[in-house]
Each structure stands twice: as structure tokens, then as C-alpha cells.
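Please read them beside the sequence and the model.

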Amino acid sequence: MSTTTPPAPAPDSTISAAHTEQLTKVYGRGDAQVVALDQVSVDFRKGQFTAVMGPSGSGKSTLMHCTAGLDSPTAGRVFIGDTEIGRLNDNNLTQLRRDRIGFIFQAFNLVPTLTARENIELPLAIAGRKPDPEWFDTIIRTVGLVDRLAHKPNQLSGGQQQRVACARALLSRPEIIFADEPTGNLDSASGTEVLGFLRRSVDELGQTIVMVTHDPVAASYADRALFLADGRIVDEIANPTRDAVLQQIARLDSHTHHAQRAAGSEA
Ligand SMILES: Nc1ncnc2c1ncn2[C@@H]1O[C@H](COP(=O)(O)OP(=O)(O)OP(=O)(O)O)[C@@H](O)[C@H]1O
């Protein structure tokens, strides 16, 4: 493996890091059938930070899981870069998830007996790869963990633990990072810390991020916010501010209530 660190790629909004074509996911059968995603076509551009928003049950997690190859579509296609993941066998899919995708979850999923450094290096160690020392240093500086590497998770704050999880996701230089409510378990100061770091990893390291969130403040760190309702993308805001997101949520709520009234379901 090379030990020189190439400069962060300039964000290139014309290259697709991942995209879906008419992605449909149906759970259950008959009366219990739920259409979680209804022919969703979406593109996540390289170097772009996207927030995925929408009410509970609108399909956010399903979209993330299907796009990241953690769940399989009922119909439609999913691509990571140029690779159509539905065409991969199980081994190749596992390898693609390991080598080309990073994950950050609401629960930090750190190994309690390992130090911060060991946790960050674990996925590469499992893959039998050695971290590039310069890249490791760059990430650790970006997340601000230089003096915390020898600490175990229980010696770190929630925000620091999530920053360890972020560093772990970044170390393999994934083409795209999927973050599922990454600030959901954090107080607002720690959440701000983690969001600031995610933003820097986009601006300074050229990372591509897709983040599911309910929080308009979290969404305001993204380059665009997508809004899902009933398994469809119903709107999109470029350079979202907290207030623009709040207004959009209010608009979607009132549409939903109108639709429910029209269908007589509020009786
Ligand atoms: N494994 C499953 N089996 C059956 N139905 C499911 C399953 N997973 C999700 N669903 C249903 O699919 C729909 C979309 O769920 P999803 O978890 O994607 O929504 P979400 O927007 O992420 O919600 P939340 O904000 O509450 O996490 C919901 O109606 C949900 O009940």
C-alpha cells in the first residue's frame, strides 16, 4: 500500500458516488404489505453531503439500507459508482461494503475493550490491510482525537466516541459514507461537534456523505436535503437552512393532513 497521501479530491458534482433507479422495496404480503420505497430514483454526487429527511415510516432507513447493500430491493437498481450491486454475489457484496462504503450509526458500535486507535483501525485490520500513516494522522487531526487515541470508549464523551466511529468510517477512504441519525444519541454540543466534523470531511477530504436525520439543525450542515413521504422523494432543498427545513416539514405535514382529511382517515 502506498504511504503517500494524495491531496483530497476536489468535490466533483458531476460524478455519481451512488444512485438508484426506480428503487422499490415492499415488505410483507397481502394485507400486511407495506410499500416502503416506491420507484425512487436518486443520485448522490461525489463530494456532496446529503441529508435524507421525512416523517417516521417514510422510508429513510430503507433507502439507506438498500443503497448501501444492507438490504435488497424488491425492484429497481442500485449502483455504487459504476457497480450495480444487485449483480454481485454475497462475497463480492460483502467486499464492496467493506472496501467502498463507510457506516456511522446512532449507537457508536465501538468495541469497549479496545482503545480509540484500535477501534479506528479494526475494519482495516480485519481486511488484512495496514492503515496509511499519513491518512490516519490527517483524519485524527480532522476529528480532533490526537490526544485521545489511547483511551477506551468508556473514557470518552459521547461526542468523542462518535468521532472515533467517524474516523473508523473514513480510514478506508470509502467512496461514500452512510450515516443513520449520527447525532441521535448525542447532546446538542456533542452533536454540533460531530456535524462540524462531517462537514469538514466533505470540505477538506472530499468525502461523500448521505445522512438520515430528523433534526433540521443537522440537515443544515448538508449541501442538500431530500424529503421522503410514503416511500417517495417529494421535495429537495439546496443549501438547506434550519428555517427552510422547518418550513418544508410544516408544508409536508399540512399536505399529509389534507390528504388524510380527503381520504376521511381522520374521523
Ligand atoms: N423489516 C420490515 N418488515 C416490515 N415492514 C418494514 C420493515 N422495515 C421497515 N418497514 C416498514 O417500511 C416503512 C418504512 O420504514 P423505514 O424504517 O424505512 O422508515 P423511516 O423513515 O426510516 O422511519 P423512522 O424515521 O421511524 O426510522 C414503514 O412503514 C415500516 O414500518
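1. Gly184 is partly exposed, because 16 other C-beta atoms lie within 10 Å; on this scale a residue is buried with 20 or more other C-beta atoms within 10 Å of its own, exposed with 12 or fewer, and partly exposed in between, the C-beta atoms being placed from the backbone. Gly184 sits in the loop between β7 (176–180) and α6 (188–205), where helices (H or I, at least four residues) and strands (E, at least two) are DSSP runs numbered from the N terminus. Between Gly184 and Ile139 there are 45 residues in sequence and, from C-alpha to C-alpha, 23 Å in space.

2. Two remarks on reading the model belong here. Residues are numbered from 1 along each chain as its sequence is written. The model is predicted, and local features need pLDDT of at least 70, side-chain atom pairs count only at pLDDT 80 or more, while totals for chains, interfaces and linings use all residues.

3. Which residues touch the most other members of the largest nonpolar core? In this core of 60 residues they are Val52, Cys166, Ala167, Ile176 and Leu198, a nonpolar core being a set of buried Ala, Val, Leu, Ile, Met, Phe, Trp, Tyr and Cys residues joined through C-beta atoms within 7 Å. Helix α5 (residues 158–171) gives the most to this core, namely seven residues. Cys166 is in contact with Ile104, Val143, Val194, Phe197 and Leu198 when its neighbours within four places in sequence are left aside; contact requires C-beta atoms, placed from the backbone, within 7 Å.

4. Turning to the ligand, its surroundings consist of Tyr27, Gly28, Val34, Ala36, Gly54, Ser56, Gly57, Ser58, Gly59, Lys60, Ser61 and Thr62, where a residue counts as near if its C-beta atom, placed from the backbone, lies within 6 Å. The elements giving two or more residues to this shell are β2 (34–45) and α1 (60–67), and α1 supplies the largest share, three residues.

5. Helix α1 has Lys60, Thr62, Leu63, Cys66 and Thr67 as its buried residues, and what covers them includes β1 (16–27), β2, β3 (49–53), β4 (75–80), β8 (209–212) and β9 (224–229). Met64, also found in α1, counts as partly exposed because it has 19 C-beta neighbours inside 10 Å. Not counting residues up to four places away in sequence, Met64 touches Val52, Phe178, Asp180, Val210 and Val212. Met64 and Met211 are 147 residues apart in sequence, whereas their C-alpha atoms are 8.5 Å apart in space. After α1 comes Gly69, with a positive phi near 75°.

6. The strands β1 and β2 form a hairpin with six residues between them, and Gly28 in the turn has a positive phi of about 75°; Gly28 is also one of the residues around the ligand. Their pairing is antiparallel and extends over eight bridges, among them those that give His19 the partner Asp43 and Ser16 the partner Arg45, both partners lying in β2.

7. As for the record, UniProt places the feature "domain: ABC transporter" at residues 18–255, in an unreviewed entry; its positions are given in the numbering used here, feature names are shortened, and annotations may be inferred rather than shown by experiment. Over residues 18–255 the chain is 38% helix and 26% strand, with the end C-alpha atoms 30 Å apart.

Technical notes:
Two residues are in contact if their C-beta atoms, placed from the backbone, lie within 7 Å. Two strands pair if DSSP finds at least two bridges between them.
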